[in-house]
Amino acid sequence: MWHPENPVRHAILQARWPTAEEAERSLLFAPIRAGSVELESRTWVPAMVPWRATEDGFVTRDVIEWYGRFAAGRPGAIVVEATGIRDIPSGPLLRIGHDRFIPGLRDLVDVVRRESGGHTRLFIQIIDFLAVKRRPTREKYFTRFFEPNDQRRRALLMATGDALWLRASDDEVRAFLCAAPDEVIAEVLDARELESLRCGYRERVTDVRLAHIRDLPRVLPGIFAAAAARAREAGFDGVELHYAHAYTMASFLSANNVRRDGYGGPRENRVRLPLEVYHAVRARVGPDYTIGVRFLGDEVIENGSHLDDAIYFGMEFARAGFDYLSISKGGKFDDAKQPKIGQAVYPYTGRSGYECMPTVLSDDRGPFGRNVPLASAIKQRINEAGFAPPVVTSGGVATFEQAEAILEGGEADIVGAARQTLADPDWFLKIRRGRGDEIRRCVFTNYCEGLDQMHKQVTCKLWDRVDLNETGAALSEDGRRRLVAPKWPT
């Protein structure tokens, strides 16, 4: 992962944990309404992808235990991982693109209800994504994907000074390029082709020469709406539309979206499809079902969208009727590091990825609450305009005092904590019972994110080697790590 120049290693925040009486009087444990749903507290577990579904996208025992373990800590809400809305292969990620997924998702809902004693509300994040291919070997790229047309032959002539390439066979051209110096290849391939060779092929929403990309505005509202209807049928309290990070809907919002069909260019065009998706979902699930949105306060990429764009989008989302706004940051493909051959590019390895999940190896600002000002600015502007959907913030939140200060300062209405909740799924409950000194503290080294990058089952280094012989403990595929935190001996 990218790190700032001359980084500083920060200690985790000092913490004074409240008594049970103080916790009970706090804003963090005060109720709040998100659309038709009332949360018992403002504690929130954002979506995390644990890589526990089947290759066909079905709920597994490991998925159920993952969410059941978080539910035992009784947060106000849990958002289930990014779940694909299309009925297409997508690896061990949950899917909701067909009715056959509903029974497993219903089982997940039932377990969260049971394990939380009915105290935790459950949303599901639904997502669309475009094709991303693994980085090929040079030989594979030139033999399978490269076409030696006249333009490329002329470029090869200019690069080498050898007119032979104008009449050489296709196989001869490909064989030469397989072994050619990088500077020659850079003169023959255009920027997108070089990216496909060096990082793997990746579709963009601006690839309107491709019919399925051109048709996204026509097809996505219906696909999202159908997925939301399945979520309601499965028993979820609401859906979160994933408009953040490196994926389809965030790419429509991006300032890099230069489509000329009314869905790109100016901000009012870039927000058009996200609003059409929302209205299609609302029409399908009705006025009494919670619909939230996760979007970026800042893309943190060259020529990307920044806070002024996010404020505009937030205003439009609030005006449209979204029931909550959840603010994230960065996490883009655009500045990601080159993957190894055979691996896919990972959108959390560049600066934008770092800003999404900063670590204790940071600049002078440190990693804690680093993204809160984005949510604060968006909340202030939409509130001034007379809109009041709850705003969720997250990013390096790990103590009661930190969360309470965010709420008391009016910077957000709900506080999300992913990594700290992964480190200790019971930490909200421990705070509420006045037993904060028993909390297992996240050290923000992003061990968990490293596992995610390798598409391994996500765990926390603070507990995944503890009591491996515990009866009934689910273990990772290699048998070396437990998959859920040990139970808190209350």
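Mentor: A polar contact here is a pair of N or O atoms within 3.5 Å; within protein, one must be able to donate a hydrogen and the other to accept it, and residues adjacent in sequence count only if both atoms are side-chain atoms. The model is predicted, so local features need pLDDT of at least 70 and side-chain atom pairs count only at pLDDT 80 or more, while totals for chains, interfaces and linings use all residues. Residues are numbered from 1 along each chain as its sequence is written, and side-chain values use heavy atoms, with hydrogens and water left out.

Start at Arg259. A polar atom of the Arg259 side chain lies 3.1 Å from the backbone oxygen of Arg214. Arg259 sits in the loop between helix 11 (248-253) and helix 12 (267-270). Helices (H or I, at least four residues) and strands (E, at least two) are DSSP runs, numbered from the N terminus. Arg259 counts as buried because its relative accessibility is 4%. Buried means under 20% relative accessible area, exposed over 50%, and partly exposed in between (1.4 Å probe, protein chains only).

Now its neighbours. Contact means heavy atoms within 4.5 Å. Leaving out residues up to four places away in sequence, Arg259 touches Val205, Thr206, Val208, Ile213, Arg214, Pro217, Phe252, Gly264 and Gly265.

The axes of helix 10 (residues 216-234) and helix 13 come within 8 Å and cross at roughly 40°. That angle makes helix 10 oblique to helix 13. Axes are lines fitted to C-alpha atoms, for helices over the stretch in contact, and angles run from 0 to 180 degrees between N-to-C directions. Under 35 degrees counts as roughly parallel, over 145 as roughly antiparallel, 65 to 115 as roughly perpendicular, and the rest as oblique. The crossing of helix 10 and helix 13 is right-handed. A crossing is right-handed if the near helix is turned clockwise from the far one by less than a right angle, and left-handed if anticlockwise. Helix 10 contributes Pro217, Leu220, Pro221, Phe224, Ala225, Ala226, Ala228, Ala229 and Arg232 to the contact. From helix 13 come Leu273, Glu276, Val277, Ala280, Val281, Arg284 and Val285.

Eight strands close it in the order 4-5-6-7-8-9-11-12, with parallel pairing. The twist averages 25° from one strand to the next. Helix 13 (residues 272-285) packs on the sheet, touching strand 7 (238-243) and strand 8 (290-296), and its direction makes about 165° with that of strand 7. Two strands pair if DSSP finds at least two bridges between them. Strand 4 (residues 43-45) and strand 5 (residues 77-84) run parallel and are joined by two bridges. Val45 stands opposite Ile78 in strand 5.

Look also at the loop between strand 7 and helix 11, where His245 is found. His245 has a positive phi of about 65° although it is not a glycine. Most residues other than glycine have a negative phi. His245 is buried, with a relative accessible area of 7%.

Asn371 lies in the loop between strand 10 (361-362) and helix 16 (372-384). Its relative accessibility is 5%, so Asn371 counts as buried. The Asn371 side chain reaches the backbone oxygen of Glu355 at 3.2 Å. With residues up to four places away in sequence left out, Asn371 touches Lys329, Glu355, Cys356, Thr393, Ser394 and Gly395.
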